[in-house]
Amino acid sequence: MSLDFSKNTILEDEMVLLRPLQATDVDNLLDISLNEPETWEYSLVRANGKENLENYIQLALKGKEKKTEFPFVVFDKKTGKYAGSTRFYDINVAFKTLQLGYTWYGKEFRGTGLNKHCKYLLLQHAFETLGMERVEFRADNNNLRSIAAMKSIGCKVEGVLRSHMPTLGSEVRRDSIILSILKNEWFDEVKAKLKAKL
């Protein structure tokens, strides 16, 4: 099944709701943007401050127009607040692959189980609705919190791309760690193990 970029795809369970990111979500995410700039420490495209947040959302929406990205805004049902954003990107329908990333949450939503709920819904959608064969994850190899989170949902480490990308405002280039989950791994073990952690 192909990904319908015009559809108002909503993924939700009892804890979280993911809906397509919109330009008006600047208002919903501005508090995190203004008060927690360290959220984007490892990001090449930052969303700290209103101008950067507006740019971040516009870039995401341009990716959606090109049908290479599908960005979501994350709403935490328990607190009744917007928690952050995540997206499918590098979508290759012909190869049945995509990447899952650009994920960030405000401080109060980290370590609450919210991320596992989001990842369960996104992976279920990728493998069971979209029919993907592979979902890939990438992170700065120094971003230990992000790497630990990916391993905890069942991602397998594939390797490290050395000197893979520039870093913002620095001559230092980052090494990127590559992790993935395959369709058979999702059905054989990852889905059940992740569901048990929810």
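View 1. Buried means under 20% relative accessible area, exposed means over 50%, and partly exposed lies in between, with a 1.4 Å probe and protein chains only. Helices (H or I, at least four residues) and strands (E, at least two) are DSSP runs, numbered from the N terminus. Contact here means heavy atoms within 4.5 Å. An α-helix has 3.6 residues a turn, so residues three or four places apart point the same way.

The model is predicted: local features need pLDDT of at least 70 and side-chain atom pairs count only at pLDDT 80 or more, while totals for chains, interfaces and linings use all residues. Residues are numbered from 1 along each chain as its sequence is written, and side-chain values use heavy atoms, leaving out hydrogens and water.

**View 2. Eight strands form an open sheet.** Their order is β1-β2-β3-β4-β5-β6-β8-β7, and the pairing is mixed. Two strands pair if DSSP finds at least two bridges between them. Which strands stand at the edges? They are β1 (11-12) and β7 (156-166). Each has a single partner strand, so one side of each is left without a neighbour in the sheet. Inside the order, β5 and β6 run parallel and are joined by three bridges. L98 has V135 of β6 as its bridge partner.

**View 3. The largest nonpolar core has 53 residues.** Such a core is a set of buried Ala, Val, Leu, Ile, Met, Phe, Trp, Tyr and Cys residues joined through side-chain atoms within 4.5 Å. Helix α3 gives the largest share of this core, eight residues. L18, F88, L114, L123 and F137 have the most contacts inside the core. Beyond its neighbours within four places in sequence, L18 is in contact with residues including I10, L11, F72, V74, C118, L121 and L122.

**View 4. H117 sits in helix α3 (residues 114-129).** Is H117 buried or exposed? It counts as buried because its relative accessible area is 5%. Leaving aside neighbours within four places in sequence, H117 is in contact with D13, E14, M15, V16 and L198. I178 lies 61 residues from H117 along the chain, and their C-alpha atoms are separated by 22 Å.

**View 5. R19 lies in strand β2.** This arginine counts as buried because its relative accessibility is 14%. Its contacts, apart from neighbours within four places in sequence, are T9, I10, D25, N28, P71, F72, V73 and Y82.

**View 6. A salt bridge joins R87 and E69.** The N to O distance is 2.8 Å. A salt bridge is a side-chain nitrogen of Lys or Arg within 4 Å of a carboxyl oxygen of Asp or Glu. The pair links distant parts of the chain, 18 residues apart. R87 is in strand β4 (residues 81-92), and E69 is in the loop between α2 (50-65) and β3 (70-76). Both residues are buried. By the same rule, the count comes to 14 salt bridges.

**View 7. K183 and E133 also meet in a salt bridge, at 3.9 Å from N to O.** Here the partners are 50 residues apart: K183 is in helix α5 (residues 183-197), and E133 is in the loop between α3 and β6 (134-140). K183 is partly exposed, at 25% relative accessible area. E133 is partly exposed too, at 37%.

**View 8. R134, E136, R138 and E158 form a network of salt bridges.** Within it, the side chains of E136 and R134 meet at 2.7 Å, N to O. E136 is buried, with a relative accessible area of 11%.

**View 9. Y102 has a positive phi of about 50° although it is not a glycine.** Y102 lies in strand β5. It counts as partly exposed, at 33% relative accessibility.
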